[in-house]
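Here is a short note for a colleague who is opening this structure for the first time. Please keep the 3D view at hand while reading.

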Amino acid sequence: MPLIHCKSLSLAFGDVALLDHIEFAIDRRERIALIGRNGAGKSSLIRILAGEIVPDDGEVVREKGVRFANVPQEPAFADGVSIEDAVTAGAINEHEGDEDWHVTARVAEVLSRLGMDGGLLVSTLSGGMKKRVALARAIAGAPDLLLLDEPTNHLDFDGIAWLEDTLKAFSGAVLTVSHDRRFLESFATRIVELDRSKLFSYPGSFAEYQRRKAEMLTAESLANARFDKLLKEEEIWIRKGVEARRTRNEGRVRRLEELRRIRAARRDVAGLVKLSLDAGERSGKIVAELVNVSKSFGDKVVIRDFSATLQRGDRIGLIGPNGAGKTTLIKLMLADLAADRGIVKRGTQLQVAYFDQFREALDDNATLSEVISPGSEFVEIGSGDKTTRKHVISYLGDFLFPPQRARAKVKSLSGGERNRLLLARLFAKPANVLVLDEPTNDLDIETLELLESMLQEYAGTVILVSHDRAFLDNVVTQVFAFEGGGKIQEYVGGYAEWQSQAKTDTSSANAAKTPANAGVSSSGNASASPAAPVRKVKMSFNETRELEQLPGKIEALEKEQANLTGALADSSLFVKSPDTAADMSTRLEVVASEIEAAMNRWELLENKRSALSG
C-alpha cells in the first residue's frame, strides 16, 4: 500500500480549476519532484497532502500511522527560540512516547549534521540558515514522508550541497516542489508535472523527463491538428444545411456536437512569457573601474584590495555565500556606495535596471496595472524612435497575467508571479546595464529558460547574483567569486568553470590572478607575485557557441541591410506605399544597430579567444 494515495482530487479557486480529478500516489523511499507553471496549484496540492486544506472533491488515503512533515517556502518559528529548541520541538511532536534520552540522541545527531551552534537564536539567522533549521526540525521527527516547497530558495551553494546530501541520506520518502534544474537532476527519481490541472508522471531523471515531455508535446500537437482538421470539415458539412437535412445523418450531427464540446473543453498548452528588453542608448565602453577598492562594516572586511574593469557587453556572475558582500560590490560598481579605500570610476551614459531579490520595489497594496503604469492605462516601451505604446492589460498578458488579474492586488500573487511582475516592470524601460539579484527564485522552468535566452541575446551589460547553477552556466561569461576574508577572485566562464578552476587552483596568496582577457581584467591583491605561473582557462561553452554563430548572424543582417537599401532606393515606393516605406526605413535603422552590436560582440569574444590561446 502507498504511503499516501490521492483519489480523484479536485480543487478550484473561483472559475480556475487547479486540480481536475487527479490520481496520485507516493510510495516509501521515493524522491519525487513536483514541477509546473507558477500558479498551477503545486503548493495547494502539498497543503492538501499535509491536511492543511480540504479538496473540493475526492479523498486522500494515508497508510495507518504514517508520519509526515511539511517545510513551507517561508518557515515560521516562535519568538526567542534557539536552534536546539526548534529541532527538539520537531522530535518531541512526532515522538511523544519516546524516552528523553532517545529524543536527545536524535536531536544531537541532527544538530551535528546541521553544523551549527544549537544555542543561537533562530531570529538572528539568515533566510538560508532558517531554511536549514526548518528542514532539520522536520527530519528530527523521522517522518515517513517529507514535503518541501521550494527548498533551495535563499540557500547558497554550500546550503544546496548540504540539502542534497541530507535528502539523499534521508530514509523516508520526499516530495519537493522545485525549479532548480541541477538540484532536480541530482535529487529526483521521479518527476511529476502539474499541467493544466492534470498530473503527469515521468519516472527517472530530470533529463529523461525533458526528453519524454518533448515527445509528448509533439504528439499532442499532431493530435490536436488532426482533431481541428476533422472539426473544420464537419463544420463545413453542417453549414451546407440542405445536404445535412436531406441526408438525415443524425449520428454525424451528434458527432459534430461532441467534437465542439471536446474542443471547448480542451486546455491548450499555456503560452510563454514574452521577454524582451531594449538596451537603449549604448553605454560607454567602460561601465565601471575599481582600483584597489576595500570596504568594511565594523570589524568585518567585506572587500579587500579588489581591482577590476567592467566593460560594455560583459555578463558577470557574482558567486559567494550569503552575506559575503555581493550586493555591496554591486553598489560600489554602480557608485551607490562609497569605498573605504581605493578608486571607483563609473562609466558614462549608463541606464541601470535593478532586479531586487527581496522585491522591495513592489507595493503589496497596489494593483498589477498600477505597478506597471501608475496613472495611465498605457505603457511606453522603449525609448526614442523605438518607443511603442501598449495597453497595460495587453502588456501584462505578455507576462501571462490574464485581463481579470490586472486589478488584483500585488499581495495576492504567488512568489513566481511576483517575480514575473517585477520583470514586467523592469523590462518596460530601456536599460544598458541590467543588475539581477536572485531573479530565478520561484520562476518556473519555462520562464527561466526564456530569461536565459533573452540575456544571451541582450546587447547590454549584465551583473548577475544567483545560486541557480544551470542558470549561471547558461548566462555568464565571467565570475567574481568571494573566497573569504574580503578576497575576490575572477574566473572565466560560468559556475562549472569556476568549480573546476577553484579545485585545481592551489596557489597561495602570492599566486597570480586570472589572466587578462577582453572582458574583465582583475588584478586582485596588490601583493600578487609577477613571476607566478599564469593559470590557463578555457572559454565557456556558451561563449564558444556564440562566437561560432556570430559570423552567420552578421552575414544575414548585412544581406537584409542590402535588400532594404535596394528597395528604398526606388523613390516611387514612398508614393505608392508610404507606410511600407516608413516600416522599411525603421527596420533599416534597427538592422544597422544590430550589426554594430554583433560586430562589437564578435570582436570582444575573438580577442578573448586569442588572449587565452596565446
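**Notes on the predicted model**

1. Salt bridges come first. The structure holds 26 salt bridges. Please keep in mind that this is a predicted model. In general, side chains of opposite charge can pair when their charged atoms come close. The next points take some of these pairs in turn.

2. Glu-208 and Arg-211 join their side chains in a salt bridge, at 2.6 Å from N to O. Both residues belong to helix H7 (residues 206–239). They sit 3 residues apart, about one turn of the helix. An α-helix has 3.6 residues a turn, so residues three or four places apart point the same way.

3. The next pair spans separate elements. Asp-340 makes a salt bridge with Lys-295, and their closest N and O atoms are 3.3 Å apart. Asp-340 lies in the loop between H10 and strand E13 (341–346), while Lys-295 lies in strand E10 (residues 286–297), so the pair ties together parts that are 45 residues apart in sequence. The two ends differ in cover. Asp-340 is partly exposed, with a relative accessible area of 41%, whereas Lys-295 is buried, at 10%.

4. Two further entries complete the charged part of this note. Arg-587 forms a salt bridge with Glu-594, with the closest N and O atoms 3.6 Å apart. Arg-587 is partly exposed, with a relative accessible area of 29%. Glu-594 is partly exposed as well, at 30%. Elsewhere, a network of salt bridges links Glu-193, Asp-195, Arg-196 and Lys-213.

5. Now the chain as a whole. The protein chain has 614 residues, and 49% of them count as buried. Its secondary structure comes to 19 helices and 21 strands. Take the contacts between residues at least 6 apart in sequence: 69% of them join residues at least 24 apart. The chain exposes about 29,100 Å², and carbon and sulfur atoms supply 51% of that area.

6. Which residues have the most contacts inside the largest nonpolar core? They are Tyr-395, Leu-421, Phe-427, Leu-434 and Leu-455, in a core of 49 residues. Helix H13 (residues 415–427) gives the most to this core, with 6 residues. A second, separate core has 43 residues, including Met-116, Leu-155, Ile-160 and Leu-167.

7. Tyr-395 deserves a look of its own. Leaving aside neighbours within four places in sequence, Tyr-395 is in contact with Ile-372, Val-379, Ile-381, Lys-390, Ala-424, Phe-427 and Ala-428.

8. Please check the sheet next. An open sheet is formed by 6 strands, in the order E14-E17-E18-E12-E19-E20, with mixed pairing. Strand E14 (352–355) and E20 are the edge strands, and each pairs on one side only. Neighbouring strands of the sheet are turned by 15° against each other on average, direction ignored.

9. Val-352 stands opposite Val-433 in E17. H13 packs on the sheet and touches E14 and E17. The direction of H13 makes about 175° with that of E14.

10. Phe-480 has Glu-490 in E20 as its bridge partner. The hairpin of E19 and E20 has 5 residues between the strands, and there Gly-484 takes a positive phi near 100°.

11. Helix H10 (residues 326–333) has 6 of its 8 residues buried, so H10 is largely enclosed by the rest of the structure. The buried ones are Lys-326, Thr-328, Leu-329, Ile-330, Leu-332 and Met-333. After H10 comes Ala-335, with a positive phi near 60°.

Terms used:
Residues numbered from 1 in each chain as written. Predicted model: local features only at pLDDT ≥ 70, side-chain atom pairs only at ≥ 80, totals over all residues. Heavy atoms only, no water. Helix = DSSP H or I, 4+ residues; strand = E, 2+ residues; numbered from the N terminus. Buried < 20%, exposed > 50% of the residue type's maximum accessible area, 1.4 Å probe, protein only. Contact = heavy atoms within 4.5 Å. Areas by Shrake-Rupley, 256 points an atom, 1.4 Å probe, with all protein chains shown as cover. Pairing = 2+ DSSP bridges. Core = buried A, V, L, I, M, F, W, Y, C linked by side-chain atoms within 4.5 Å. Salt bridge = Lys/Arg side-chain N within 4 Å of Asp/Glu carboxyl O. Axes fitted to C-alpha atoms, helices over the stretch in contact; angles between N-to-C directions.
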